[in-house]
Amino acid sequence: MARKDKGKETPSSPEISKGNFRDDIYRHIQSTLGNDPGRPDNYSCFMGLSYSIRDRLIEKWIKTQRSFYETFSKRVYYLSMEFLPGRFMMNYLTSLRMQEDASDAVREMGFNLEELEEEEWDAGLGNGGLGRLASCYMDSMATLGMPCYGYGIRYDYGIFHQILVDGYQREQCDNWSRRTSAWEIRRQNSLEKVMFYGRTESYEDDMGRSRVRWVDGEAVMAMACDILVPGYNNGFVTNMRLWSAQSSREFNLEYFNQGDYIGAVQAKVTSENISKVLYPSDEAREGKELRLKQQYFFVAATLRDIIRRYRKQNQTFDNFTDYVAIQLNDTHPTIAIPELMRILVDEECMEWDDAWAICEKSFAYTNHTVLPEALETWPVDLIGKVLPRHLEIIYEINQRFLDMVRANYRGDDRMLSRLSLINEKGVRSVRMANLAIVGSHSVNGVAALHSQILKNGLFNDFDRVFPGKIINITNGVTPRRWLYQANPLLSKLITSVIGDSWITDLSQLKQLIPYAEDEGFREAWHNVKLENKKRLARYILRKIRVGVNPDTLFDVHVKRMHEYKRQLLNILHVITLYNRIKENPGRDHVKRTVLFAGKAAPAYMQAKLIIKLINSVADVVNNDLDVMGMLKVLFLPNYCISQAEKIIPAADLSEQISTAGMEASGTGNMKLALNGAVTIGTLDGANVEIMEEVGESNIFIFGLKAYEVESMRAGGYNPWNYYDNDPELKRAIDMIGSGHFSPKEPGLFRPITASLLERGDFYMLLADYRSYIATQEKVAKVFRDKDEWIKKSILNTANMGKFSSDRSVLEYARNIWGIKPPESGIGTV
């Protein structure tokens, strides 16, 4: 039975003036920073402004939290190993609609708001699309007024800071939090104990029932760090709660007095390693163990926090699933399923079936991959060592599940083997995706093609056993961050003709369609794009000392470095263009700037070698007088959210060229198209749906389809046939392999050519090469026609309404979480 807590009424928070930033900034410079407000510098002004913004957010956050308790709201808990929020200051000012107030205040103090923004480092809490999607969803849930929280880890260091040394990626420590952050609220009184190791023992409880308990473990404390997430212009503020590892023992005085100074703090150092680094290398067993501990650490603390909050209004677990919805963003948080079972069965003394019913109704799982080898597994012996009780629970879940399958699908032992939570081949391991599917009431893919592949291929057996459990919810991006904030010039132009309702209802962009035929509007659109390209050109010059011509075609390929994303196919096109210009320099070639950016995982040597190849090709192309002014190649180091906000508004062409059937969705494709870039891509991931929305005439599609890729592989694909029969392709590959771009090390790039020829070209670059080249020729032809290109650009933006994260989150709310947003669609507090 739900009950409302009784107690003293809390006083309402005092209203904080929307304006008058300047006095608040001076106050914080003096009282919070302890500096002289009469002599502020950029950093102290930035920090004073940040604390002033936080004052306004906290007031709204308190009101929002009170409203949740007053309305007995069902709450959504979004569990993700990554969040990639980018910089906070401008995002907060945008959501509060206080940009002008803040800009005026700092201008009166002698500062510029854009310059102050550069004082902030991107928060190192994520790596790529997974973390950015989570941050987009948090923005949408807040803007839609949904009672939601994000949960993850407060990493001391991000994935890494990428620099280039002689064209090679080098990783440096991303000490993003080395300076005090005004945005973190460290809840030092909110500590949760998390156990590792130990053993299990059986005992009888007071009622004579056989029970199991986990004993003799090592404890680590999880401290809550809150980062606020405001909705857009609605007074609604929720938060991400990120956990920081704290030792349960700060200091061993006995060791210290014996002269063992390192041993005196060893426990503290070891414990706090858990939240040091995002995705520590798992090449060594110690790295694997640390990753597993990270995953359990954050879900164990999170479940304790969820239950603590639930129990403020409930005494039993009878209503748990009426008030709690837990979304697992990929398989990383899946250990939460056996952890909730452990709490309910071992600590709350529930019967297994009752606990399982609660567990299954509480969890939902989002899958983000179609690659079987990318599905997470953990060695059984490692889980048994680190989490002994959880392994027992996983075995029990598996046994009961397989008994159910065996009863319904008699005689199909192969199916049982595929469905089992335990992979018995080679090193016995736990299949975390299988555990997530069995322990969740809903499983979703993130694009229509991806979900189809899951149902028909990767998880076909589960689709048979649980018909209807696997659904699709196509990803989306927040228009507040990726258009309104990142592209203020284009936002202003759009608002001038259709009003500003598109900021919270992206479908309103459809009103732009008639303006594609308006000559004056097209010219204004072109001028905005040109200004954004000039802005990016200044940034490039400042960052890597290379000048670029804003009048060239900005051909943009920005994403995580991976072979299936096929940055190598793009560089094959660059080499082909280079050869064509060299052979016919007098021809009227379309001037092109090809821009790459993205990080390779530190242990992914092939991807790192491709980065080196891109930079080596750039060295040759950019210093060849025959092509100067016609073609330029760039690799911008340390791709991050703040860099993306400069690149995306300036892009003319968006490269989305992954091998068909391998990209789950992608969101970079959505951000670029939303900002008027025209896509060149395969029919992969969300590209399929983008084509359906913008129209086949406004996107450049090439290459094999997903079923054709599978068919060719099954039929014995031979890349040599393409190599031997395409002179331009052969020449480009031979130039790479012979040392044309690495004369001091002729064999440097042979591992790349070997992957294309000797090792079978798994990602089908050679099969798609000629189609890609022909489609790039079409791109160049259309780009010559300024009006035609601008029309396509406008129509891309106009038809991107489907790809708002607001739409995605509403589908989660309706189809998975069982919550109903406010009638207005936008929450108000």
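This is a predicted model: local features need pLDDT of at least 70, side-chain atom pairs count only at pLDDT 80 or more; totals for chains, interfaces and linings use all residues.
Let me start with a network of salt bridges, in which Arg 187, Asp 226, Arg 241, Asp 305, Arg 308 and Arg 309 are linked; a salt bridge here is a side-chain nitrogen of Lys or Arg within 4 Å of a carboxyl oxygen of Asp or Glu. Residues are numbered from 1 along each chain as its sequence is written, and side-chain values use heavy atoms, with hydrogens and water left out.

How many salt bridges does the structure hold? The count is 66, and I will take three of these pairs in turn. Glu 184 forms one with Arg 154, with the closest N and O atoms 2.5 Å apart. This pair links distant parts of the chain, since Glu 184 sits in strand β5 (residues 184-196) and Arg 154 in the loop between β2 (148-153) and β3 (161-165), 30 residues apart; helices (H or I, at least four residues) and strands (E, at least two) are DSSP runs, numbered from the N terminus. Glu 184 counts as buried at 9% relative accessibility, and Arg 154 is buried too, with a relative accessible area of 6%, where buried means under 20% relative accessible area, exposed over 50%, and partly exposed in between, with a 1.4 Å probe and protein chains only.

The second pair is Glu 351 and Arg 209, whose side chains meet in a salt bridge at 3.9 Å, N to O. Because Glu 351 lies in the loop between α11 (336-347) and α12 (352-362), and Arg 209 in the loop between β6 (199-204) and β7 (210-215), the pair ties together parts that are 142 residues apart in sequence. Glu 351 is partly exposed at 45% relative accessibility, and Arg 209 is partly exposed at 27%.

Three strands form an open sheet in the order β12-β14-β13, with antiparallel pairing, and two strands are said to pair if DSSP finds at least two bridges between them. The edge strands are β12 (377-379) and β13 (422-423), each of which pairs on one side only. Between β13 and β14 (residues 429-431), which run antiparallel, there are two bridges, and Asn 423 has Ser 429 in β14 as its bridge partner.

Now to the interior. In soluble globular proteins, nonpolar side chains tend to be buried together. By a nonpolar core I mean a set of buried Ala, Val, Leu, Ile, Met, Phe, Trp, Tyr and Cys residues joined through side-chain atoms within 4.5 Å. The largest such core has 148 residues, of which Leu 49, Ile 53, Met 141, Phe 196, Phe 297 and Trp 817 touch the most other members. Helix α9 (residues 285-310) gives the most to this core, with 11 residues. Apart from it lies another core, of 70 residues, among them Leu 569, Ile 614, Leu 631 and Val 633.

Which residues does Ile 53 contact, leaving aside its neighbours within four places in sequence? They are Phe 21, Met 89, Tyr 92, Leu 93, Leu 96 and Trp 183, where contact means heavy atoms within 4.5 Å.

Two buried loop residues deserve a look as well. Asp 652 is found in the loop between α24 (641-647) and β20 (653-656), and is buried with a relative accessible area of 4%. A polar atom of the Asp 652 side chain lies 2.9 Å from the backbone nitrogen of Phe 554. Met 800, in the loop between α32 (786-798) and α33 (805-817), is buried with a relative accessible area of 1%. Not counting residues up to four places away in sequence, Met 800 touches Leu 506, Met 670, Ala 673, Leu 674 and Val 694.

I will finish with the cysteines. A search of the whole structure finds zero disulfides, a disulfide being a pair of cysteine sulfur atoms within 2.5 Å. Cys 148 is in none, and the nearest cysteine sulfur, that of Cys 136, is 14 Å away. For Cys 640, the closest cysteine sulfur is also in Cys 136, at 15 Å, which is too far for a bond.

Notes
A polar contact is a pair of N or O atoms within 3.5 Å; within protein, one must be able to donate a hydrogen and the other to accept it, and residues adjacent in sequence count only if both atoms are side-chain atoms.
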